[in-house]
Amino acid sequence: MNLQKLFHMQQELDRYIQSNRNVEESVFRKKVLALQVELSELANETRCFKFWSTKGPSDKSTLLEEYVDCIHFLLSLGIEKGYNSLGEWPAPLEEQDLTELFLLAHQSVSEFTEHATHEDYSNLWRTFGALAKALGFSYEEVLAAYIEKNETNYKRQQQGY
């Protein structure tokens with residue numbers, strides 16, 4: 001999947017938010033934490049680690065919305081570091097157990113935070129690609145959900161979210 005449309009949409013949203021909120025300082029680390037929180041919210045909705053519970057995961061639409069929240073911050077971090085020239089979504093990692101994928105995703109976020117190399121950023125996309133695959137999301141579903149959530153984010157900003 002080509003990521004350029006998503007990078008462009010995210011860059012416009014970031015500009016809009018930062019301009020309207022008069023944000024002038026670096027928010028890179030805040031976006032890192034936001035990605036980690038969204039990733040944890042997604043993990044919580046899958047319930048993949050809750051060996052003590054018999055309740056199943058949330059419905060697919062809830063999981064997709066949480067996943068796309070992660071994608072917003074993943075794109076935004078790439079923009080912050082100048083990696084928005086990444087054209088295609090890198091091939092996903094081999095599918096693994098969801099718990100292991102979530103742990104790997106958190107580790108990948110930490111590595112990117114520490115080093116912020118292009119390779120680290122590509123690895124993040126590979127990990128999130130594996131998560132999408134494991135959760136049963138097609139790139140088309142991710143794109144459609146991202147566009148919908150992007151519109152929602154603009155509306156929220158206009159309503160004083």
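1. Ala-130 counts as buried because its relative accessibility is 0%; buried means under 20% relative accessible area, exposed over 50%, and partly exposed in between, with a 1.4 Å probe and protein chains only. The model is predicted: local features need pLDDT of at least 70, side-chain atom pairs count only at pLDDT 80 or more, and totals for chains, interfaces and linings use all residues. Residues are numbered from 1 along each chain as its sequence is written, and side-chain values use heavy atoms, with hydrogens and water left out.

2. Ala-130 is placed in helix H5. Helices here are DSSP runs (H or I, at least four residues), numbered from the N terminus. Leaving out residues up to four places away in sequence, Ala-130 touches Pro-92, Leu-93, Glu-94 and Leu-101; contact means heavy atoms within 4.5 Å. The C-alpha atoms of Ala-130 and Leu-86 are separated by 18 Å, and the two residues are 44 apart along the chain.

3. The largest nonpolar core has 44 residues, of which Tyr-67, Ile-71, Tyr-121, Trp-125, Phe-128 and Leu-131 touch the most other members. Such a core is a set of buried Ala, Val, Leu, Ile, Met, Phe, Trp, Tyr and Cys residues joined through side-chain atoms within 4.5 Å. At least two residues of this core come from each of H1, helix H2 (28–46), H3, helix H4 (98–115), helix H5 (118–135) and H6. The most is given by H3, with 10 residues.

4. Helix H3 covers residues 60–80, 21 residues in number, and reaches 30 Å from its first C-alpha to its last. That is close to the 30 Å expected at 1.5 Å a residue, where the expected span is 1.5 Å times one less than the number of residues. Of the 21 residues in H3, 15 are buried, so the helix is mostly covered. After H3 comes Gly-82, with a positive phi near 80 degrees.

5. Ile-71 is in helix H3 and counts as buried, at 0% relative accessibility. Outside four places in sequence, Ile-71 touches Trp-89, Trp-125, Phe-128 and Tyr-146. Tyr-121, leaving aside neighbours within four places, is in contact with Phe-7, Leu-74, Leu-75, Leu-77, Gly-78, Tyr-83, Leu-86 and Phe-112.

6. How do H3 and H6 cross? Their axes come within 9 Å and cross at roughly 75 degrees, which makes H3 roughly perpendicular to H6. Axes are lines fitted to C-alpha atoms, for helices over the stretch in contact, and angles run from 0 to 180 degrees between N-to-C directions. Angles under 35 degrees count as roughly parallel, over 145 as roughly antiparallel, 65 to 115 as roughly perpendicular and the rest as oblique. On the H3 side the contact includes Leu-64, Tyr-67, Val-68, Ile-71 and Leu-75, and on the H6 side Val-142, Ala-145 and Tyr-146 are among the residues. By class, this contact has eight nonpolar, three polar and five charged residues; Ala, Val, Leu, Ile, Met, Phe, Trp, Tyr, Cys and Pro count as nonpolar, Asp, Glu, Lys and Arg as charged, and the others, Gly among them, as polar.

7. Helix H1 (residues 4–20) packs with helix H6 (residues 139–158) at an angle of about 10 degrees, the axes being 11 Å apart. H1 is therefore roughly parallel to H6. Among the residues that meet are Leu-6, Met-9, Leu-13 and Ile-17 in H1, and Leu-143, Tyr-146, Ile-147 and Tyr-154 in H6. The contact of H1 with H6 has nine nonpolar, five polar and two charged residues.

8. In helix H2, is Lys-31 buried or exposed? Lys-31 lies in H2 and is buried, with a relative accessible area of 10%. Beyond four places in sequence, Lys-31 touches Asp-14, Gln-18, Phe-73, Ser-76, Leu-77 and Glu-80. Ala-34 is also placed in helix H2 and counts as buried, at 19% relative accessibility. The C-alpha atoms of Ala-34 and Cys-70 are separated by 8.2 Å.

9. Asn-22, in the loop between H1 and H2, has a positive phi near 50 degrees and is not a glycine. Asn-22 is exposed, with a relative accessible area of 60%. Ala-116 lies in the loop between H4 and H5, and its phi is positive, near 50 degrees, again in a residue other than glycine. Ala-116 is buried, with a relative accessible area of 16%.
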